[in-house]
Number of protein chains: 2
Amino acid sequence: MNRLIECVPNFSEGRNAATIDALVAAMSGIPGAWVLDRTSDADHNRTVITLAGEPEAVAEAALRGAGVAAKLIDMTRHTGVHPRIGATDVIPFVPLENVSMEECVALARSVGQELWDRFRIPAYFYEAAATRPERVNLENVRKGQFEGLREAVLRNPGRAPDIGEPRLHPTAGATAVGARKLLIAYNILLNTSDVSIAGQIARAIRSSSGGLPCVKAIGVELKARGLAQVSINLTDFQVTPPHRVFEMVKREAERYGCAVVESEIIGLIPRRALELAAGHDLQLENFSPAQILENRLAAATGILPAPLPK
Amino acid sequence: MNRLIECVPNFSEGRNAATIDALVAAMSGIPGAWVLDRTSDADHNRTVITLAGEPEAVAEAALRGAGVAAKLIDMTRHTGVHPRIGATDVIPFVPLENVSMEECVALARSVGQELWDRFRIPAYFYEAAATRPERVNLENVRKGQFEGLREAVLRNPGRAPDIGEPRLHPTAGATAVGARKLLIAYNILLNTSDVSIAGQIARAIRSSSGGLPCVKAIGVELKARGLAQVSINLTDFQVTPPHRVFEMVKREAERYGCAVVESEIIGLIPRRALELAAGHDLQLENFSPAQILENRLAAATGILPAPLPK
């Protein structure tokens, strides 16, 4: 019986290839843990790594990545459009197979302790791993970002980390360690450079201001391309799937005389989300995953759904 | 090493539940063969069964189904909007894993011989199993349907079956046995009862009249619902995927002041076709199956992509 989790550490470096390679190398080659994906963005100045495998091996991989990040990334010199508090900004653990959310919470807690013990990086626990209600939302933990949090912890005990000294690591900042369900990081690019439009659209779609449930969104500017982007997290794609968000962003953009140029998945997307999108867009009546050949094959025969012939 | 084929026999009965149950029962319980799906339509008066498993077991299942169909279905009393020549109208074999198209051709040929030896049903070979170029296309084999073919074989040697006497089985007709790639049977329902509009749209999209490649289409009337339908076969969804056909049908329908009510998959759809549709409709930039978590997991770890937690 395989025990399988996903872990998606986000590092505050999306431009320097040598640093990103070093992060990946540090997390590679650990028996039982695999680096499934790396996605970097220069404007966000951020790299999202997708790890998967056995819980303990994956946790060790994330910790080794954080160790290298602390050496190579200096938050006092970091700029980027995505909110962040540390060189290793977040480390979320996600149950996949034969692992409970409670076990992922325990793993997050132990990784938070290790971050402090090994690297003197303070840790905040968020989502299912949060130690208090106001830290369930990552936005609250990250309020003020590295620069603001660095000051806040010295004056406000309410902002103190869960593990470690209140004072942040001078260059690596702090890390938010969490346990949560699968999340889809999904960005939609507009054909305008006006970031205020992306911000208006983000406000219209996100849950915190009355939009769609399980949606987080901000408007950011991609200077390299001269375009604005709605940067989205879908925290439960079975509640709000990507295609519904995409349609709403298209409609909202029209109000401002804008159009969607393209969208992109950061990291990986669960297959089910695509199946839902296809069923919706093809107007398939009563579509269900049971209509997919490979699903039915696997269910009926127990035979591995190997890739079908081209 | 699993040897795996798909077989999708089509039977000329879509209304009588007892007959359909008897067909499914005849094909069930054979070691190494599985009934994955059954889809019946009353207007088409046709049932599509999806079998999969080891080649010999699947062939035996299809033959047993044909035997029961010959007993229970009388083509002299059959009506339906879908073209057909026999009680068991078609038996196509599809290579899935570790089976070549040539092996599926050989299987089709032996099943054709068995249809004659066991049940005195003449067989025509089509697609990759065709014995002459003009029989590659199933439409040519089925020209005139049961009623026309029954007469034609008596006068025109060019219409004689590949196996068996020219004279058709008096009630079971003849069966077209083929070998081919995965096919998607895909119907799009319009909000009009005017079948001539569905026919015009079918002409616009199908390859034979200059439309999209690898598309077959006819317009039919669904009397039960009082609506017209474009009934489509996609013979190579990697050339023309369902979402492209769907968009074209939508545009063509607009020309007639019509709209698409819904679409439906008959039988099963390969996962890759849905992934292509989702990538297209979400405007995902450079989307590839490598961005799907389960695919990456399976490739990296060799671990079965079991269903992910809800």
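Arg3(A) is partly exposed, with 15 other C-beta atoms within 10 Å; on this scale a residue is buried if 20 or more other C-beta atoms lie within 10 Å of its own, exposed if 12 or fewer, and partly exposed in between, with C-beta atoms placed from the backbone. Arg3(A) belongs to the segment before β1 (4-7) of chain A, where helices (H or I, at least four residues) and strands (E, at least two) are DSSP runs numbered from the N terminus. Apart from neighbours within four places in sequence, Arg3(A) is in contact with Glu54(A), Pro55(A), Glu97(A), Asn98(A) and Val99(A); two residues are in contact if their C-beta atoms, placed from the backbone, lie within 7 Å. Arg3(A) and Gly53(A) are 50 residues apart along the chain, and their C-alpha atoms are separated by 7.4 Å.

The model is predicted: local features need pLDDT of at least 70, side-chain atom pairs count only at pLDDT 80 or more, and totals for chains, interfaces and linings use all residues. Residues are numbered from 1 along each chain as its sequence is written, while chains are lettered from A and ligands numbered from 1 in the order in which they are written. The average pLDDT of chain A is 93, and 97% of the residues score at least 70; pLDDT is the predictor's confidence in each residue, from 0 to 100. Over residues 306-310 of chain A, pLDDT stays under 50, and the model has 7 contacts beyond four places in sequence for this stretch. For the complex, the predictor gives an ipTM of 0.78 and a pTM of 0.78.

Chain A is divided into domain 1 (4-179) and domain 2 (184-293), with bounds that come from an automatic or database domain assignment. The centres of domain 1 of chain A and domain 2 of chain A, taken over C-alpha atoms, are separated by 25 Å. Domain 1 of chain A gives 10 residues to the contact and domain 2 of chain A gives 9 residues. On the side of domain 1 of chain A that touches domain 2 of chain A, β3 (33-41) and β4 (46-53) of chain A each supply at least two residues. The largest share of that side, 3 residues, comes from β3(A). By class, the side of domain 1 of chain A that touches domain 2 of chain A has 5 nonpolar, 3 polar and 2 charged residues; Ala, Val, Leu, Ile, Met, Phe, Trp, Tyr, Cys and Pro count as nonpolar, Asp, Glu, Lys and Arg as charged, and the others, Gly among them, as polar.

Between the chains, 48 residues of chain B are in contact with 48 residues of chain A. Elements giving two or more residues to the side of chain B that touches chain A include β3 (33-41), β5 (88-97), α7 (242-255) and α9 (293-301) of chain B. The largest share of this side, 7 residues, comes from α8(B). The side of chain B that touches chain A holds 28 nonpolar, 8 polar and 12 charged residues. The same surface serves both copies, as 100% of the contact residues of chain B recur in chain A.

The largest nonpolar core has 203 residues, of which Leu51(A) and Leu51(B) touch the most other members. Such a core is a set of buried Ala, Val, Leu, Ile, Met, Phe, Trp, Tyr and Cys residues joined through C-beta atoms within 7 Å. Helix α2 (residues 55-72) of chain A gives the largest share of this core, 9 residues. residues, among them Cys7(B), Met27(B), Trp34(B) and Val58(B).

Thr39(B) lies in strand β3 of chain B and counts as buried, with 20 C-beta neighbours inside 10 Å. Leaving aside neighbours within four places in sequence, Thr39(B) is in contact with Thr47(B), Val48(B), Ile266(B) and Gly267(B). Thr39(B) and Gly80(B) are 41 residues apart in sequence and 15 Å apart in space, C-alpha to C-alpha.

Gln145(A) is not a glycine, yet has a positive phi of about 55°. Gln145(A) is placed in helix α5 (residues 145-155) of chain A and is partly exposed, with 18 other C-beta atoms within 10 Å. Asn98(B), also not a glycine, has a positive phi of about 60°. Asn98(B) is placed in the loop between β5 and α3 (101-119) of chain B and counts as partly exposed, with 13 C-beta neighbours inside 10 Å.
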